[in-house]
Structures are given as structure tokens and as C-alpha cells.
Amino acid sequence: MRAWQVHRPGPMAEHPLVRATLAVPRPGPDELLVAVRACGVCRTDLHVTEGDLPVHRPHVVPGHEVVGEVVAIGSDAAAGFAVGDQVGIAWLRHTCGMCAYCVRGQENLCAESRYTGWDADGGYAEFATVSAAFALRLPVGYSDTELAPLLCAGIIGYRALLRSQLPAGGRLGIYGFGGSAHLAAQVALAEGAEVHVMTRGESARELALSLGAASAQGADDRPPVPLDSAILFAPVGDLVLPALESLDRGGTLAIAGIHLSDIPPLNYQRHLFQERQLRSVTSNTRADAQAFLDFAARHRLQVTGPGYPLDRADEALADLSAGRVSGAAVLIV
């Protein structure tokens, strides 16, 4: 099968992503074999490829926003899937199910958690595998290329929105406006929030306004109103300070990324006093995924972004790295 592998993590200019011809994987006893039809291009793929995240699997195939068709089922896979079913493969692919975090519904914090496109080969390929217990049912009414970004960009944006503790009808600030942010903004707007976007790209600001944002300005500009909550999607630690400073009393800033550059020193009075909060977001649970996909089934989300054939996966990641992608890019297999 055609695939791409990360051979030597480094800047995209050094071509760390390499074409490969690999054997079609065989599903384990509890797994599904999926013929990939589309795979979203996520900033986490870029972090794996460029080495911001440590190597977990040498020569890994990236990609964890996979939409495809079940073509084979392992002998011990739980009932509920059949050959021909459409399924999604997301970032979280394994937890122990027994630790304190798993038992209390925080499987995203499981020390034994494993991830698609980092610990196991992902969707920058023609076929991929997934445990039946972690395969996702997908909402109807969306194309494959619209569904793919929902499987990480959408799910993580949804969890980040929960972590931001946005009050009903509150004012939400969004810093960075790529694949995840443009979906989280639509969820917040559908729930009655007032959304203000801070991002560097003019096309991203135009997209934000077209989706219903109340304002859109530069990445480190002050929003026109105090914010009840904010989400930082851009992996830029320098933005933590202006985001905190823009919060109203008791406001919360959630950082959505798996990787963030260093945060400059905080000034307690300016950035944290008056019970402002700073919270991280770590992966998601399957309950988060199901809740978001159920929301997407009830509320038609606009999924914006360019499509690339699988053979141009390196170009898609390079465009993402350079800030040339508006919305969520998707590989079409």
C-alpha cells in the first residue's frame, strides 16, 4: 500500500516525511482493518513529523483523523461492526481500563494510553487498523472530507471548550483559528456564546467573521470586550500572557494543544489575580468524542479547508507549518 513515514523528525524543509510502500496491515484479534478514504492533517501530525513530540514508534505513519470503510474484522472484535461499515479512527486508541483515571471517567489521563499516528501507524496510508472498542460511529450528512477533521480538530476543540468553563451566553476568546478553532467556534456560537477571534492570518480572520464571530483581530491584539473564557489553539507560549490579561475576573484560559512553546514569566497581578485560571487540555475521552459527534449530528457544522491527494501529504504538512492553510486540510485517498 502507499503510505508516508516519518524517517528523521525535523523541519519540513528537511523533508522528514518520506513516501513508502508497505504491506497492508493485518488486524489483531480485537481490531478492524479499515480502507482509508480521507485523513485530516492535524497540527499534532506536524509536531510528530518535526520532532516537537518525542519518537514513540520509529518510522511511524502519521494521521489520526481517519475516515474509512471496514474491510476485515479480527476474530475477537466485539460485535457491532460489519464489513462495509463507515468508521472513524481518532487520536486515542488504547487505555488500560483499570487505573484510577479510567475508572473515574478520565481515561485521557491513563498512563498506558496510546495514540494513532504516534504509538501506532495512522492514516497517511491506504489502510489502517483500530481496536473495535475505539472505532467511532460517524454522523450522517457529511462527506468523508468533512468528517475527517471532526475526529480530532472537532473533538479536541469540544473538550477545550468544556475545559474553558464558558458560562451560558458568555464571551469566548479564541487565539489561533485553524482546523480545531473554526469548529469549536461553531459549537460555542450554536450554544449562544459571543465569540472573539485573535489570529495572525487575514484569511483566518475573514473565515471567523463569516462563521459569526463578533470580532476578529491580530493574534496578540486586545479583544474589544473582557472575556469570560478563552482557548489558546496556537502553539505559541507568548500568547498566554495577552490571553490571560484579556480575561474578566474569574475567567478561564484553556490551552488546547499537545505542544506549546515556552511561556514567558507571568505577572501575578496582571495575569492571574482576581481568580483567573489557566488550564491544560490532555487528549480526550471516548465520551467526549461521542458527545461531540452527537452534537455534529444535531447541528450541521461547516467544515472548511483544502483537500490534497495522499501523494501530496508532505505538501499539506508544509503548508500547515507555513500558515498557508485556512480551516482544516484533508488528505483524500
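**Figure 1. Threonine 44 in helix α1.** In this predicted model, threonine 44 sits in helix α1, residues 43-50; helices (H or I, at least four residues) and strands (E, at least two) are DSSP runs, numbered from the N terminus. Threonine 44 has a relative accessible area of 11% and is therefore buried (buried means under 20% relative accessible area, exposed over 50%, partly exposed in between, with a 1.4 Å probe and protein chains only). Setting aside residues up to four places away in sequence, threonine 44 touches Leu53, His64, Trp91 and Ile258, where contact means heavy atoms within 4.5 Å. A reading note for all views: residues are numbered from 1 along each chain as its sequence is written, and side-chain values use heavy atoms, with hydrogens and water left out. Because this is a prediction, local features need pLDDT of at least 70 and side-chain atom pairs count only at pLDDT 80 or more, while totals for chains, interfaces and linings use all residues.

**Figure 2. Strand β3 and its partners.** Take a look at β3, residues 31-40: nine of its 10 residues are buried. Strand β8 (residues 127-131) runs antiparallel to β3 and is joined to it by five bridges; two strands pair if DSSP finds at least two bridges between them. Within this pairing, alanine 35 has phenylalanine 127 of β8 as its bridge partner. Seven bridges link β3 with β4 (residues 66-73), again in the antiparallel sense, and here cysteine 39 stands opposite valine 66. Three bridges connect β3 with β16 (residues 330-332), also antiparallel, with isoleucine 332 of β16 as the partner of alanine 38.

**Figure 3. The open sheet of six strands.** Follow the strands in the order β11-β10-β9-β12-β13-β14, with parallel pairing. β11 (215-217) and β14 (277-280) are at the edges with a single partner strand each, so one side of each has no neighbour in the sheet. From one strand to the next, the twist averages 20 degrees. β13 (residues 247-255) is joined to β14 by four bridges, and isoleucine 255 has serine 280 of β14 as its bridge partner. Helix α3 (residues 144-163) packs on the sheet, touching β9 (171-175), β12 (227-232), β13 and β14, and its direction makes about 150 degrees with that of β13. For such angles, axes are lines fitted to C-alpha atoms, for helices over the stretch in contact, and values run from 0 to 180 degrees between N-to-C directions.

**Figure 4. Phenylalanine 177 in its loop.** Phenylalanine 177 belongs to the loop between β9 and α4 (179-190). Its relative accessibility is 4%, so phenylalanine 177 counts as buried. Beyond its neighbours within four places in sequence, phenylalanine 177 is in contact with His182, Ala185, Val197, Thr199, Ala204, Leu207, Ala208 and Leu211. For a sense of distance, aspartate 119 is 58 residues away along the chain, and the two C-alpha atoms are separated by 28 Å.

Figure 5. To the contact between them, domain 1 gives 30 residues and domain 2 gives 21 residues. For orientation, the protein chain as a whole has nine helices and 16 strands, and 53% of its 333 residues count as buried.
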